[in-house]
Amino acid sequence: MNFKNKVIYQIYPKSFYDSDGDGIGDLKGIIAKIPYLQRLNIDMIWFNPFFVSPQNDNGYDIADYYAIDPLFGTMADFDELVQQLAKNNIGVMLDMVLNHCSTQHEWFQKALAGDDKYQKFFYLRDPKPDGSLPNNWTSKFGGPAWSPFGITGKYYLHLYDPSQADLNWHNPQVRSELFKVVNFWRNKGVKGFRFDVINVTGKDEDLRDAPEGMDSKMMYTDTPIVQDYLQELNQATFGQDKDIITVGEMSSTDIQNSVLYTRPDRHELTMVFTFHHLKVDYQNGEKWTRVPFDFKQLKQSLNEWQVGMNNGGGWNALFWNNHDQPWALNRFGDPQHYRVKSAEMLATSMHLLRGTPYIYQGEEIGMINPDYQSIDDYVDIETKNAYQKMLDNGKTPKQALAIIQAKSRDNSRTPMHWNSSTNSGFTTGKPWLRPTNQKQINVADELDHGEIFNYYQKLIKLRKAYAIIAQGDYEPLDLTHPQVFGYLRKYQKQILIVLNNYYGQTTKFLLPQKYQELSTQVLINNYHQVISKVPKYIELQPYEAIALLINK
C-alpha cells in the first residue's frame, strides 16, 4: 500500500453518531454514516478505542482487548463495519493501548489475587526504606505515578490515571500476550494500527528517581529498548502484511528517534504522531495556560520536523486536531471573523506538507470549541484534575475556567454536528457531552451551501493526483516572514510553492527570483486567484492559502 498518497480520518466513536438513543455514539451509528465518509473520499479510518472499558479515561483504560464494549455495540457490528467500509475502499485502523491496561483487566485482578505470573505483568515495587513512594515520578494526569497495590504494602506504577496500570514490557510473556491482541484484530480484517504512547514502554527495570530539576518523563521516554520492542512487534504481527499502515503516538520524542521509528529499513512503524507544533500556545511549556500562539515557534517546529524527517528518510503523520486537543481553529485561526478561510488555510498548510494527513471528525466542516460556562459541563478526567490544581495554586474559578475553555480535551470530544437541532442530530436521547454551536456549524448546512467540506475534498483529490504532494521533498521558504508559512515541495522536474497567511491582515510575500516569470498553475487557493506566471510578489488576503505548481 502506498501510504504516502492516503488520507486518514479519525473517528471518536463515542461522539460520532448514536443509533440507539442512549446518548453515546456507537458502531451502528458509524455504519449509518458511511455514505458521508465515502463522499469525503478518505482511505482509512482511525477509531479511538471501543473495547470493554470502565471508561475512566474514555476507553484508554482497556479491561478486555478482545471484546467490544456494549456501549458501542457487538462484535457482529464490528464485523459489519469492516465489511461495509471495505466495500467503499476504506480501511480500518484500530487504537492499540499497549503501554497500560485497566486495573479491572483480568491480568491485574489475578495479580491482586496473588498470582505470581500476573504480578510480573506490572511494575510492582516496595516503598523506600523511609516509607515513601518507590520513586519520585509524577503521573501525566497529575499527582504521583504510584498507587497502593491492594493490601500487599507494595505500589504499582501508572504513568496516567490510577485506573491504568503500566504493563511490564521487560517481561516476554507480556509482549507475547500483546502481540496476540494485534494479530487477533489483523485476522478480523484490520488494515491499520495506531499505538498509543508506545515510546514510554521502555522503562528501566530499576525505576530510579528523576534527578532534582528533571521532569520524570525523561527517565522513561524514547529509551533505546523501545526500538527493539517495535522491531519485535513488527516481526511478530503487522510486518507480515505489507499493506498494513501503522502510526506510533510518540510522547515528547525527538526527530532522531522518530526517523529511526519510521525509516523503512528499520522495520518498525510507518509513521509517527508528534506534538511539538501543538505546544506553541503553552506558556513556559505548561499546557494549562492561556496565551496567543507563537507563530515563529510554530513555523520553526513544523520546519524542523519536515527537514529532519525528510533528510533522515522518516515519515510524519500530519494533523492539527484529535481527541486530545482543543480545536485548531480556536488556536491558530479566527473562528469569529474568518472561520471558513482560516479552516481552509490550516488544511492547506498541513495537507501539502510531506507526510500522511489525518482529518479529525468535524474538522472538515470547521467545528470549534464549545461554549461551556461551568466546570460541570466537562467530563474529561484530566480537565477536572487540572481545574482543581489551578484552584489549589491560587487561581480564581473564573481564571481557571478560562484556561479550561481554551485547553480541555473535551473541546474536540463534543458530539459531531449533523444538523442544527438541540442535540445536533447526534442522538435522540441525552448526549454524553453537550453540543453548543450546532446552529451555526453542522454537516447539513455545510453540504448544502458551505465550502470547507468541498475544499477538503479537493485537497484529498490533489494528493492522489499529484505525486509531488505525496512523494516530493520539502524545503522552507522565508521563515522570517511575520505572517506567512511558506514552503516548497520538489519532485522530479516539478516545484510546488505553498503559501499560507496565518493572520487576518493582507500581506505580501516575495517569491524566489529563480522562479519568477515561470509558467505556473494554481493547484488550490481559497480566494480564487488566477495566476499564469510566477510574480515577484504574491498578495495574500486574510487567512489565504495558495499552491502554485511549476513544471520546469
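**Close-up views of the predicted model**

**View 1. Asn284 has a relative accessibility of 81%, so this residue counts as exposed.** Exposed means over 50% relative accessible area, buried under 20% and partly exposed in between, for a 1.4 Å probe and protein chains only. The model is predicted: local features need pLDDT of at least 70 and side-chain atom pairs pLDDT 80 or more, while totals for chains, interfaces and linings use all residues. Residues are numbered from 1 along each chain as its sequence is written, and side-chain values use heavy atoms, without hydrogens and water. Asn284 sits in the loop between β13 (271–273) and α9 (helices are DSSP runs of H or I with at least four residues, strands runs of E with at least two, numbered from the N terminus). The phi of Asn284 is near 55 degrees, a positive value in a residue other than glycine.

**View 2. Asp222 is a further non-glycine residue with positive phi, near 60 degrees.** Its place is the loop between β11 (192–195) and α7 (225–236). With 11% relative accessibility, Asp222 counts as buried.

**View 3. Helix α9 covers residues 295–312, 18 residues in total.** From the first C-alpha to the last, α9 reaches 25 Å, close to the expected 26 Å (1.5 Å times one less than the number of residues). Buried residues of α9 include Phe295, Leu298, Leu302, Trp305 and Met309, and also the polar residues Lys299, Ser301, Asn303, Gln306 and Asn310. Just after α9, Gly313 takes a positive phi of about 80 degrees.

**View 4. Trp320 and Phe332 form an aromatic pair, with ring centres 5.1 Å apart.** Rings of Phe, Tyr and Trp (its six-membered ring) pair if their centres lie within 6.5 Å; planes under 30 degrees apart are stacked, over 60 edge-to-face and the rest tilted. The planes of Trp320 and Phe332 stand at 40 degrees, so this pair is tilted. Trp320 belongs to the loop between β14 (317–318) and α10 (328–332), and Phe332 to helix α10, twelve residues apart. Trp320 is buried, at 2% relative accessible area, and Phe332 is buried at 1%.

**View 5. Phe47, Phe50, Phe51, Tyr66, Phe78, Phe184 and Trp185 make up one aromatic cluster.** In the whole structure, a search finds 42 aromatic pairs.

**View 6. The charged end of Lys33 sits over the ring of Trp418, 4.1 Å from the ring centre.** This requires NZ of Lys or CZ of Arg within 6 Å of the ring centre and within 35 degrees of the ring normal. Lys341 lies over the face of Tyr527, at 4.8 Å from the ring centre.
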